[in-house]
Amino acid sequence: MDSKGKISDKLHSQLKDYVYPVIACMHEVHNELKNGLPEYVYQEALAISLRKHGFNPLKEYQHHIEYMGEKLKSHIRMDIVLEMPRGNVIIECKSIASLGDAERYQTFGYLRGTKFPIAILVNFGTFGKAQIERYYFHEGDITAF
């Protein structure tokens, strides 16, 4: 990453390649189920698609945040987490008209709270194709890619 918080073209390409198979599963789910269903239906369908493509999706993944060196009793619960070789990937699923700041801030909080390197925010509630946003977390900065 350069000093402006942007990622290099090489890293951008590597990140896209890393999550491409995951994104393909999201498109597969949206193409089959279309829009208009509750979020939990898409979560379950996405977990099935991910498993069929060789991933191990952890649904309703709970993580205890550390504060001042201590794990809090409180936890955050993410829709799906994928344990992957270069770092876990958070998947946050929505089924709404359009993604907004509230959904992005929630996803950013998950990145900061877990320190996982990648989050994908997917909205299955849209017409045509799923709305998908990818974020990279590194040294405290969050960058879309």
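Which residue in S2 is the bridge partner of Glu66? In this predicted model, the bridge partner of Glu66 is Lys71. The pair belongs to the antiparallel arrangement of strand S1 (residues 57-67) and strand S2 (residues 70-82), which are joined by 9 bridges. The hairpin of S1 and S2 has 2 residues between the strands, and Met68 takes a positive phi near 55° there.

Strand S2 is also joined to strand S3 (residues 89-94), again in the antiparallel sense, through 3 bridges. Within this pairing, Ile80 stands opposite Ile91 of S3. The hairpin formed by S2 and S3 has 6 residues between the strands, and Gly87 in its turn has a positive phi of about 135°. A further antiparallel pair consists of strand S5 (residues 131-138) and strand S6 (residues 141-144), with 4 bridges. Here Tyr135 has Ala144 in S6 as its bridge partner. The hairpin of S5 and S6 has 2 residues between the strands, with Glu139 adopting a positive phi near 50°.

Most residues other than glycine have a negative phi. Against this background, two further positions may be described. Glu60, which lies in strand S1, has a positive phi near 50° and is not a glycine. Glu60 has a relative accessible area of 35% and is therefore partly exposed, since that value falls between the limits of 20% and 50%. Lys115 likewise is not a glycine and has a positive phi, of about 65°. Lys115 is located in the loop between helix H3 (101-114) and S4. With a relative accessibility of 61%, Lys115 counts as exposed, because exposure is assigned over 50%.

Strand S1 also contains Gln62, which counts as partly exposed at 41% relative accessibility. The side chain of Gln62 makes a polar contact of 3.5 Å with the side chain of His75. When residues up to four places away in sequence are not counted, Gln62 touches His75, Ile76 and Arg77. Gln62 and Thr114 are 52 residues apart in sequence, and their C-alpha atoms are 10.0 Å apart in space.

The side chain of Glu92 is joined to that of Lys94 by a polar contact of 3.2 Å. Leaving aside neighbours within four places in sequence, Glu92 is in contact with Met78 and Asp79, with Gln106, Thr107 and Tyr110, and with Ile120, Leu121 and Val122.

A polar atom of the Asn123 side chain lies 3.0 Å from the backbone nitrogen of Gly125. Apart from residues up to four places away in sequence, Asn123 touches the residues Lys94, Ser95, Ile96, Ala97, Ser98 and Leu99, together with Ala130 and Gln131.

How values were computed
Residues numbered from 1 in each chain as written. Predicted model: local features only at pLDDT ≥ 70, side-chain atom pairs only at ≥ 80, totals over all residues. Heavy atoms only, no water. Polar contact = N/O pair within 3.5 Å; in protein donor to acceptor, adjacent residues only side chain to side chain. Contact = heavy atoms within 4.5 Å. Pairing = 2+ DSSP bridges. Buried < 20%, exposed > 50% of the residue type's maximum accessible area, 1.4 Å probe, protein only.
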